[in-house]
Amino acid sequence: MGANASGYYVRVPVWSVALRLYHWTFALSCITLILTGLYINYPPISTWAEFMPSFSMATMRTWHFAAAFFFMSALAVRFYLYLFGNRYEKIQDCTPVSVRNIKSLFHAIMFYLYMLKEHEARPGHNVLAGTFYCFVVFISLLMIVSGLYLMYPETGWIQSMGNAIFGSQQMARFIHYAMTWFFIFFTMIHVYLCIWNDIFGSEGIISGIFSGRKMLPADAVAKDGTIETE
Amino acid sequence: MKEKELHGKLSLSRRRFLKVCASAAAALGLGSEAVPKIAEAVTSPKRPPVIWLHFMECTGCSESLLRADSPDLATLILDLVSLDYHETLMAAAGHQAEKSLMDSVEANAGKFVLVVEGAVCTGDGGVYCKVAGKTNLETLEEIAPKAGAIIAVGTCATFGGIQAAAPNPTGAVGVRDVIKNKPVVNIAGCPPSPNNFLSTVLYYLTYGRLPALDELGRPKFAYGRKIHDHCERRPHFDEGRFVESFGDEGHKAGYCLYKVGCKGPATFANCPVQRFCDVNWPVGAGHGCIGCTEPGFWDRMSPFYEHLPDVRIPAGDGIYVEAEKIGKWAVAGAAAALAGHAALGVGKKVLDSRKCSSDSGKED
């Protein structure tokens, strides 16, 4: 668009293999957790047929627990990358902690509201997205804590932790379930905005989460001077 | 001899008496070597004094205790412990009763077992519940420090119970919230299984210390596992066979009560194993668990026929909505917003392209 007078784009490596693995593990485990979780909360079908075993609830729970361990591992990777990842993956790059980032936050809001035409040429997350992802990570922690408490109610330290945070199993159950809707909400908005950004921005962010590379305007990259290109 | 004396005193045969001790040992998860110890403890000439205080309650816990059948608690507790004060059961009344209470407290300081039934009223200085002109709070604060052991019986005495349900006008709390410097054994339940209470007392009499407690002060032998994890209907849960509504085919077939609001998966108690009076228990009779042994029982466990508690909407005064509905509305709202956003984007593109074409038209 406008500012890219030269019309050239350069391919910038942004996301490490670890981050991409985190993203897809998190995404797939989230989908599994949401679907099995909704079943566990309210199994829509009752198998009244007794002539064959179905074991449906036990199977759903097994999938739920398996996915939960992938979810936890993915989150551990994300925490590591927040602290020790590349410059675009670190927490200080995607949260409004500097003047540059606060500008990016407002830029993204204005851009999404169709009030600015210019897409910000920025290798990492835009700060609106980055801040929201931090929030998602925080809610994920809450899901993990409540989930562990529900899954291992009699295990010493988990029980103490759960009792201190939630007070009772029923409260943990309630929070665990209510937060499921947050993940549905987030997934919907996230997928929509990715497609939207793919249309209105030039970066190719959807292919970026597979390839780890973004297409940035050559002029902006040259102006910045610190961005390593391929 | 001893057996004869025992027989005369208790109207219990030795065989029956040992059976009682053995079932108490089994309830506590102790081996057969504990039986003679229990037998010795309960037959020692010095009967341990028990003082039973009633606060804000319905006496259902005492009723439950009276209906205990094995071990034959009614006989055992009345004959083997010295029940010095129990408002429902004692013969004394008025000033005489209150005097015997204080006499026993002074004479047995540091030795007696204090049992509390009912929530403690703390609102407005505790004026909403007075016995003999004294508030519950005063009575408890006076007697509790002198007790050898404190046992809170029932969910009211443990966590506040129904009295503590929102908006809790009387400021009802459990004994643990008032007595903080002494261990309190919580025998939760509405009412609790009498066997859990009796077993705790016998454990204390036998070993001179309290049984292992969980974080909420409940004895682990009785409240160590969730109802769900040793429920007789659990296989139906795993199979995905649920009662859809009371009285349907699934209900008649004894399927899992999960979908009609059973709180077993969130409740710690031994009801499926111990049962009430060795006869039955709610889930066995076809009704879901209502979670009566848990903190926040009432507010957090109601509605009884729903899976999860309702959400109170802060804006509306006293409006409660299902969590499910709030989640669905939030997601629907977001979907509508996204659709609007997309439509705006498409509209803007169309407008822009028209502008462009009209601009280029001018240039031509």
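How much space lies in the second largest pocket? In this predicted model, where local features need pLDDT of at least 70 and side-chain atom pairs count only at pLDDT 80 or more, about 810 Å³ of space lies in that pocket. Residues are numbered from 1 along each chain as its sequence is written, and side-chain values use heavy atoms, with hydrogens and water left out. A pocket is an open set of points on a 1 Å grid, reached by a 1.4 Å probe, with protein on both sides within 12 Å along at least five of seven lines; lining residues have an atom within 4 Å of a point. Its volume is the space filled by probe spheres set on the points.

The second largest pocket has 33 lining residues, and A:Ile40, A:His64, A:Phe65, A:Leu150 and A:His176 lie nearest its centre. At least two lining residues come from each of α1, α2, α5 and α7 of chain A and from α11 (234-239) of chain B; helices are DSSP runs (H or I, at least four residues) numbered from the N terminus.

The largest pocket holds about 1,400 Å³ of space. Of its 50 lining residues, A:Ala129, A:Tyr133, A:His190, A:Leu193 and A:Cys194 are the closest to the centre. Helix α7(A) gives the largest share of this lining, 10 residues.

Definitions and conventions
Chains are lettered from A and ligands numbered from 1 in the order in which they are written.
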